[in-house]
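Open the model in your viewer and keep the selection panel at hand. The stops below follow one another, each with something to select and something to look at.

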Amino acid sequence: MSASSSQALEYLEQLPVQTHRKLYEQPSTVLAIFRCMLPQMAKTIVMAMLYMPTPFPAGGLDAWFRPEATKVKKEALYILEKLHITVLTQDASRQSACSLYSGFAKSLRQALEGSGSHRSFGVPSNKPEPNKVSIQFLDEYAQRQWENILFYMVGSTVGFGSSVGQEVGKGTKSLLEAGDFVRMSHGKMNITRTGFSFVLQDTNAQVWSLLIEYLRHASQLGMSETDVLNFLFMLGSLELGQDYSTDTLSPTQKQMLEDLTAFGIVYRSSKTSSTFYPTRLAVTLTSDSGALSTTTDPLATGGASGPGLRSGRDATATGFIIVETNYRLYAYTSSLLQIAVLSLFTHLTTRFPNLVSGKLTRASISRAVRTGISSDQIISYLSAHCHSQMQKTTPFLPETVTDQIRLWEMEGERVVTSNGYLMKEFPSEKEYRDVVRYAEDVGVLVWKDDANRRFFINGIEQIQGFLKREAEKRKQRG
Amino acid sequence: MNDIDGTVRTVVKDEGPPPSLLTIVLDTNPHAWAHLSSTLPLSTALANILVFINAHLASGNANCVAVIASHSHKACFLYPSPTPPSPQPHHGASNGEVEMNGPADRPIYSVSDNPNKYRPFATIETAILNNFAKLIDETDEAHLSATPTTLIGGALSLALSFINKSTIHHSPTSTHADALLSLADADGKHSERTTLTSRILIVSVSGDLANQYIPMMNSIFAAQRKRVPIDIIKLAGDTVLLQQASDATGGVYMKPERPEGLLQYLMMGFLPDAFARKTLIMPSAGGVDFRAACFCHRKVVDIGYVCSVCLSIFCEPTLPDNLCMTCGSYLSLRSAQMNPPALIPRKKKKKRRAGGTDSATPGGSTPAGSSTPMHG
């Protein structure tokens, strides 16, 4: 599970059980959820149970895991339960057992075996296309569309004038505003804290963030959430460079195509075309590989002129930033977008045709921190895009620099807040200790105070379930 | 409060497990599968293995797979499809080869545009089925009658070389010079950087592989050194060798009682990769038979004779010319058998005059601690 799909997982987790059940009717969706959303151990458990004729007894499951790995097991089972993939059953002799939700199991089997007639992996268009587009064209198209969106968000904040954002559609603009990525104030657009973290993510995570925002607003537009999700997961399992027919799509999905074309996720030659091409943004939705950084042919993109957004892209494939231990930063790029992003937290001084240089200063970092960028975001952005020469050392960035960035950030924030619940007034020491241990195991414990039997957690659902089970046990015993 | 002081300097970018390469060595020995045909025909087994491969690919986005057939007369790749050697300029009829298999090369199965199948699965499946059909077509009666067993040693070395190659490709700093460097020194330094975790799964049906003892053992030691676990699923027959292979490399050994449930065995016992195995209790062979096979007749022996120079094992003392068959050094085993080992009588220790500490063992007549049983 990568960082980019974890936000999709978060979104999926909060869906109600009916939506889950409906989603699991589509084999492509099930396969995509399995491939990208589940942690490794959850996958192992699912696969072990997939062809098992009887439910997996809980005792057997315990015996299968090493005793020191209970934490991993609980986490995996918790996610599976939350996504309603596994069902806990109790047989006549009160032995609890675990089994897969039948719809999920059926669809996953169909996906693995390639059986059934669900046609959920995309219907390739059989009609000969007179003007078939190349993969390179699709890449350029996706890149242009996506960078326009990013530049729209960043450009006006760092003062590139008001000319930016003319290529971005009205729907996209309102979506960005609705997702609180940008905010209009006094007729001037400003990027928000969420917007900053959005821009600094890798492309794949950006696409997911935007799509999740899209999903949240889908119901307002009269679209069914399941339809939208199914379509997104299907897009992730398509093949780049192949045209697919729109005939089997539902009306909702046809409506979606238009919006996705605006994002650069799919390409259609015209609005009424009966076929569509997924771009690299789409086919990497359900994989870890970077969406736009895999541009294959540097010569092909190097020659492109345009608004100056694309020409620097070829450097991204290998990384373009060099940070020295004296906080100087050199970036081999001529892309306005990258320069704009860098200038969010760097004091840039000089610009050459293919290089900008500057310095990470206390002022520049604390300015970034004040506007809502965290030090971790800066560090991960720098290390994700650092030059291949720097990638030879571990860690990629000089430690003095990363430490100093963190220290600069900490100057402003000495207190960490976390939302959650305080648990107190436990009747007995044993009960307190049991619950604390459980909270620690599932990883929600933030702070504890053994003397006063109090602790603080940032997630309540699991603890509630645990307490309920404990209470039942006590009732049975007493 | 410790987590905000920035002591964790390495930015954890990807928490996911490393990509894993699964190399399946499929024993396609026709003789053995003929025996199994009533419970588990080869076609069913292959279908099960294909589902298993899909499950493996679905378990991780960067996971990859290789399939090698260990047939009766040759070992060859089923996936990735072997690339045909680059077309050489024709030397007339110098090698006497006539292009007879031109039309037969046509793929029997083609990647259909099946909307019910995930595309990457379909490509791999088609490649495996095509190559397998080709392999079966190439097998004629002469091949079958020549040998009742399978070339597992060759297949294993193919698997190991493929794993080595992929590991170098996958290594994060895989510049050309580095690849050469890591080829040159295969020591720990390289394996630290490795991000690809590989394992070998042998689906074995043939018994009696003792005639390949030496190549097998060499492959096993190579795998051990490269930290590649060898998993064995033994559907029929029994060999000492394969048990040792999984034991030495830390792999899983399973001999299913009901071969028809192959898929469930595969899914539960063999799907977890090295990362997942850290948290699971994996099945293993209970008692491992560590017997070796002799180098002269390829028989599994309980007690044998060992060359003192090269440690080759022989089952009987009559060697031609009293020379070791492996290293050629003089080795007279006959004398070892004829004369019982001589026992040099123990010299009397000089009695110490000073101090009466020795009073417990008067005269030093007690034999020294290690009592070697002697033949009378």
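Select A:Glu239 and B:Arg119: their side chains meet in a salt bridge, 2.4 Å from N to O. The term stands for a side-chain nitrogen of Lys or Arg within 4 Å of a carboxyl oxygen of Asp or Glu. Across the interface of chain B and chain A, the rule finds one such bridge. This is a predicted model, in which local features need pLDDT of at least 70 and side-chain atom pairs count only at pLDDT 80 or more, while totals for chains, interfaces and linings use all residues. Residues are numbered from 1 along each chain as its sequence is written, chains are lettered from A and ligands numbered from 1 in the order in which they are written, and side-chain values use heavy atoms, without hydrogens and water.

Next, colour the side of chain B that touches chain A. The elements giving two or more residues to that side are helices H2 (42–59), H3 (119–138), H10 (262–270) and H11 (274–277) of chain B. Helices here are DSSP runs of H or I with at least four residues, strands are runs of E with at least two, and both are numbered from the N terminus. H2(B) gives the most, five residues.

Now show both sides. The contact (heavy atoms within 4.5 Å) takes 38 residues from chain B and 49 residues from chain A. About 4,000 Å² is buried between the two chains, and carbon and sulfur atoms give 60% of this area. Buried area is the accessible area (1.4 Å probe) that two parts lose on being put together, summed over both.

Which residues line the second largest cavity? Select A:Gln40, A:Lys43, A:Thr44, B:Ser20, B:His56, B:Ser59, B:Asn63, B:Arg199, B:Leu271, B:Pro272 and B:Asp273. A cavity is a set of points, on a 1 Å grid over the protein atoms alone, where a 1.4 Å probe fits but cannot get out; lining residues have an atom within 4 Å of a point. The largest share of this lining, three residues, comes from H4(A). Helix H4 (40–50) of chain A and H2 of chain B each supply at least two residues.

For a backbone stop, go to B:Tyr79 and B:Pro80, which are joined by a cis peptide bond with omega about -5°. B:Pro80 sits in the loop between strand S3 (75–79) and H3 of chain B.

Finish at A:Asp180, a residue other than glycine with a positive phi, near 60°. Look for A:Asp180 in the loop between helix H9 (170–178) and strand S4 (182–185) of chain A.

Notes. On a 1 Å grid over the protein atoms alone, a cavity is a set of points where a 1.4 Å probe fits but cannot get out, and a pocket is an open set with protein on both sides within 12 Å along at least five of seven lines; lining residues have an atom within 4 Å of a point.
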